[in-house]
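The model is opened below.

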Amino acid sequence: MSSTYENTARNLWYPGHMLKAEIAMKESLALVDLVVILLDARAPLSTRNPRLERRLINRPHAIIANKADLANATQSRKWEEWFLAHGEAADFLDASKLRHPDTLVNHWRDIVLSERQKRGATRPLLRPVRVMIVGIPNIGKSTLVNRLKLKNVAKVANHPGVTRSNQWVNLAGGQVELLDTPGVLWPQLRDKEHELLLTALGNIPDDSTDPVLTACFLIQRLQQLPIRNPLRSLDLPEISDNAQEVLEALALRRNMLLPGGRPNVNKAAQMLLKDFRSGQMGYFTLETPPAEDAPEEDDTDTPENA
Ligand code: G4P
């Protein structure tokens with residue numbers, strides 16, 4: 001695995017303005033007391049950006065594993081335990097349906113105040129706690145910010161030295177201020193497999209990779225999960241071990257045909273990716289906590305039994 005993988009020209013998704021975004025991020029980080037890191041509950045480590053971690057050394061942060069509604073609930077609990085065992089508490093939630101934003105915001109405030117105490121601060125914090133939310137594209141930052149803002153529409157004046165575009169929003173009755181510019185981080189990729197995983201999850205645009213390749217990767221990944229028939233929602237008479245054949249069978253089953261009657265695997269791939277991302281195929285976690293030795297079990301969460 002190469003640490004310079006992302007800098008290669010073949011990664012068409014890699015945006016040229018990344019450096020600019022990182023500089024803006026660095027400026028914003030200096031202004032906040034707490035960084036809320038958004039991850040995807042279906043692949044918490046693969047959606048985490050190690051470059052950010054280096055900037056966060058000795059700085060309070062909180063973790064949210066978002067889109068937990070699309071993840072396997074049993075696996076989410078294992079991940080929660082894994083994070084706790086590594087000294088971090090991760091909240092698994094569905095930002096799009098966040099019901100009690102104030103509970104979350106007060107929790108963030110408590111983290112900052114308790115960190116201050118641990119560092120030996122004797123004077124009370126006389127200003128609101130400042131928070132920023134960061135994550136890779138499509139992880140749900142805007143969704144979360146919008147949910148937090150629903151009950152907190154009042155914007156506060158910009159702070160001196162802050163980029164003009166940075167707006168602050170009052171939360172929790174003015175005790176917390178949220179930097180209303182979700183911080184975008186570009187994923188730091190390990191290898192092609194990592195790129196395909198993030199494409200399947202929707203963090204990297206589909207048009208940067210052949211959808212058939214992404215869908216085949218996803219099919220293989222789902223078939224490797226320790227669950228019975230993860231592809232049952234496709235309603236195919238039989239499921240081949242070969243991902244390309246699964247796509248062909250799916251195209252035929254859904255009458256997605258090219259001129260001459262050949263299966264339109266491209267269209268089938270796009271449909272499969274869409275269904276996976278919306279939870280139509282069931283709720284899956286594509287990454288298991290490292291070094292776990294839990295016994296294998298069937299813990300599929302389907303829309304019917306979740
Ligand atoms: P970003 O700012 O980090 O780039 O992400 P954004 O909030 O735009 O969210 C990306 C997509 O993920 C959106 O769907 C959003 O609705 C969805 N999303 C965010 N959080 C959750 C969650 O907890 N659960 C689920 N199931 N979906 C979530 P979209 O299809 O791009 O747009 P739309 O459906 O909102 O129109």
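**Source.** I am working from a predicted model, where local features need pLDDT of at least 70, side-chain atom pairs count only at pLDDT 80 or more, and totals for chains, interfaces and linings use all residues. Residues are numbered from 1 along each chain as its sequence is written, and side-chain values use heavy atoms, with hydrogens and water left out.

**Ligand shell.** I found 14 residues around the ligand, with D69, D94, K141, S142 and T143 the closest; a residue is near a molecule if one of its heavy atoms lies within 4 Å of it. I sorted the shell into four nonpolar, six polar and four charged residues (Ala, Val, Leu, Ile, Met, Phe, Trp, Tyr, Cys and Pro count as nonpolar, Asp, Glu, Lys and Arg as charged, the others, Gly among them, as polar). Helix α5, residues 141–150, gives the most to this shell, with three residues (helices are DSSP runs of H or I, at least four residues, numbered from the N terminus).

**Distances to ligand oxygens.** For S142, a polar side-chain atom lies 2.5 Å from a ligand oxygen atom. For N66, a polar side-chain atom lies 2.9 Å from a ligand oxygen atom. I139 has a backbone N or O atom 3.2 Å from an oxygen atom of the ligand.

**Helix pair.** I looked up α7 (residues 211–224) and α9 (residues 265–278), which pack at about 55° with their axes 8 Å apart (axes are lines fitted to C-alpha atoms over the stretch in contact, and angles run from 0 to 180 degrees between N-to-C directions).

Definitions and conventions. A polar contact is a pair of N or O atoms within 3.5 Å; within protein, one must be able to donate a hydrogen and the other to accept it, and residues adjacent in sequence count only if both atoms are side-chain atoms. Helices (H or I, at least four residues) and strands (E, at least two) are DSSP runs, numbered from the N terminus.
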